[in-house]
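I opened this entry to keep track of what I looked up, going from the whole chain down to a single residue.

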Amino acid sequence: MSTAAPHLPAPHRPAPHPHSPHRSAGSRSAPVRPARPAVLVPGLRRLLRGSWEQRRPFAVAVLGAIAFSILQVTTSRVIGTVTQEAIIPSFREGRPLTAAVWLGGAAILGVGMLRAVAVAVRRVSASATQFSLHRLYRERLVALYERVPLLWHRRQATGTLLSSVHADIEATFYPMAPFPFALGTIVMLVYAGVVVALIDPVLLLVMAVLVVLLIALNVLFQRYAAPIAVESQRLRARVAEVAHESFDGANVVKSLGREDAEEQRFTAAAEDLRANGIRFGYVRGWFDPVIDALPNIGILLVALLGAWRIREGELTPGDLVQVAYLFTLMALPIRSFGWVLGDLARTVVGGARVERLMASRERQVYGGADLPDGPGRLALSDVSFVYRDEAGALAAPDGILVDADLDLEDAPGTPALCDVTLTADPAQGARTVAIVGATGSGKSTLAMLAGRLIDPTSGTIRLDGADLRDLSAEALAAGVVLVLQQAFVFDDTVRANVTLGEDFTEDEIRWALRVAQAEAFVDALPAGLDTPLGERGGTLSGGQRQRIALARALVRRPRLLILDDATSACDPSVELAILEGIRREMTGSTLLLVAYRKSTIAIADRVVFLEHGRVAAEGTHARLRETSAAYRALVDAYDEAAISHGLLDADGDDAAGTGAAR
């Protein structure tokens with residue numbers, strides 16, 4: 001009997017990627033030279049696309065930024081005018097021109113208050129744009145995760161998917177907050193250029209040189225920062241993968257004493273991310289001071305040239321003060337270019353990861369057909385399924401993203417099922433069908449196919465004559481329920497775990513718990529149905545979690561109930577009581593169960609014996625024992641193991657009282 005265990009890399013797979021989360025503990029791979037993607041045009045295109053999707057708040061933010069930029073230039077002009085018309089005449093006459101000084105101060109104060117309002121409007125609207133895009137793209141990505149087939153998820157690392165929802169989307173729109181400011185700065189530069197040109201063309205030359213230097217520095221920064229940003233996003237995903245795998249496999253880690261090894265593995269991943277972050281800090285450490293120094297250098301040049309121009313009679317002191325103050329005010333807006341351009345690399349990398357996920361062609365497509373009432377007739381006709389060789393889809397060669405859109409239709413793989421034909425038809429006396437086979441014979445694959453978690457490579461699966469692929473999502477969810485061996489319990493109450501938010505009465509919930517043999521232990525919980533169960537149902541035993549999962553399925557009264565070893569953690573007597581209760585109470589359901597125990601198989605109307613993905617024999621349990629030596633050896637082997645562990649008496653009855661349960 002198989003037991004639940006965390007996913008581990010199979011021995012036959014290729015060697016792990018140098019930065020794979022499965023590399024040995026404490027090992028350090030040689031640094032991989034990251035790719036240098038195009039940044040400027042793709043990054044700006046992605047920001048503009050996001051701006052259009054949230055165009056209302058973004059337009060308000062840009063208008064606020066433009067108003068601020070105009071007011072910046074206006075402030076310099078007011079100060080220059082006050083200097084020329086009030087301050088200099090006051091010194092010349094040896095007395096203050098009080099009225100002019102007060103009027104000038106009021107003008108400066110008024111413009112300053114308007115600037116404060118413009119800043120508030122811009123910041124609030126830019127933040128609204130940024131966080132609305134976070135919400136929008138997270139909803140889209142989660143909706144994608146829900147629509148894609150189960151095998152798509154098996155090809156992705158869970159930590160990478162979580163990182164995409166959180167870190168990649170944040171990185172994509174991180175520059176969105178300063179983006180309106182940078183666009184407003186363009187207006188300010190044009191306006192300021194016109195003002196300076198009207199004052200003195202020589203000083204305009206200083207301004208032009210300053211702007212060219214800023215652009216050149218930003219291009220240089222992108223050249224060094226972009227590959228580091230690529231590596232950073234990949235390493236963030238890797239840290240999430242290692243952490244998630246360690247937490248998910250906590251039982252294995254604890255039981256095998258691998259805490260130190262897992263700690264070393266996580267430390268290695270975190271250290272790589274830290275080192276890469278420090279590299280980015282070094283690059284930004286020289287870039288930021290230079291950008292901040294340029295406006296100040298411009299002010300010094302303006303002062304030197306301005307003094308010369310005043311001596312030449314081409315400039316007044318008020319004009320010089322206006323231009324110098326304008327350069328001072330331009331420092332922060334011009335710096336906004338650096339903020340946007342400095343984070344474009346993260347935008348490109350994070351956006352590429354998100355878009356490659358969302359571009360996946362794989363979708364779980366549903367039709368529009370519905371199902372009638374009553375037990376369903378399940379028919380598999382020449383069904384085959386191949387697990388394609390998807391090891392290469394786990395990580396892209398450049399480490400940017402697992403390939404969510406890899407076309408593997410023609411990739412080689414291992415067939416799990418070959419030309420399987422079987423029927424579960426209550427009208428023909430086969431309302432309960434047991435699927436029996438050794439490990440790896442295809443039982444769980446068949447169960448997932450019948451529940452349409454996956455679709456067959458070839459052949460058809462029909463429920464009451466309708467191909468499962470033609471059923472609507474609502475009809476499939478209402479008519480077919482699959483309960484797996486690994487019972488998942490949400491961090492919520494018993495009631496919420498059974499109903500999953502649907503409207504079931506108290507009587508219906510208790511009926512489902514009673515049939516699942518769970519009512520007694522639920523009533524013994526501190527708050528009964530309203531008892532919180534903790535993350536993954538940590539307060540329950542394995543058998544109790546399975547019974548909660550069974551009750552969740554039973555309360556929906558599906559037409560086809562599929563149990564994939566869903567009672568493996570229960571005592572034999574409890575398992576038999578559950579199955580006999582289902583047969584007795586669920587008269588409107590057809591039951592397809594993956595079984596191991598002889599006592600469980602015996603209640604089935606028909607048994608299908610699988611060997612190497614093919615139907616080797618079919619019939620009643622008694623008939624198969626007589627006609628199939630392989631079947632008889634398999635079920636007897638389980639009984640012998642159960643007897644050796646004290647689960648069965650030597651006469652075949654379970655030690656816990658199976659006979660009483662019968």
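I began with the secondary structure and noted 21 helices and 10 strands in the protein chain, where helices (H or I, at least four residues) and strands (E, at least two) are DSSP runs numbered from the N terminus. I wrote down that this is a predicted model, in which local features need pLDDT of at least 70, side-chain atom pairs count only at pLDDT 80 or more, and totals for chains, interfaces and linings use all residues. Residues are numbered from 1 along each chain as its sequence is written, and side-chain values use heavy atoms, with hydrogens and water left out.

Next I looked up burial, and found that 48% of the 662 residues of the protein chain count as buried (under 20% relative accessible area, with exposed over 50% and partly exposed in between, for a 1.4 Å probe and protein chains only).

I then turned to helix α17, residues 572-585, whose 14 residues reach 20 Å from the first C-alpha to the last, close to the 20 Å expected at 1.5 Å a residue (1.5 Å times one less than the number of residues). Among the buried residues of α17 I listed Pro572, Val574, Leu576, Leu579 and Ile582.

My last stop was Leu449, which has its place in helix α11, residues 443-450. Leu449 counts as buried because its relative accessibility is 0%. Leaving aside neighbours within four places in sequence, I found Leu449 in contact with residues including Val383, Phe385, Leu417 and Ile461 (contact means heavy atoms within 4.5 Å). I also noted 10.0 Å between the C-alpha atoms of Leu449 and Thr460, which are 11 residues apart along the chain.
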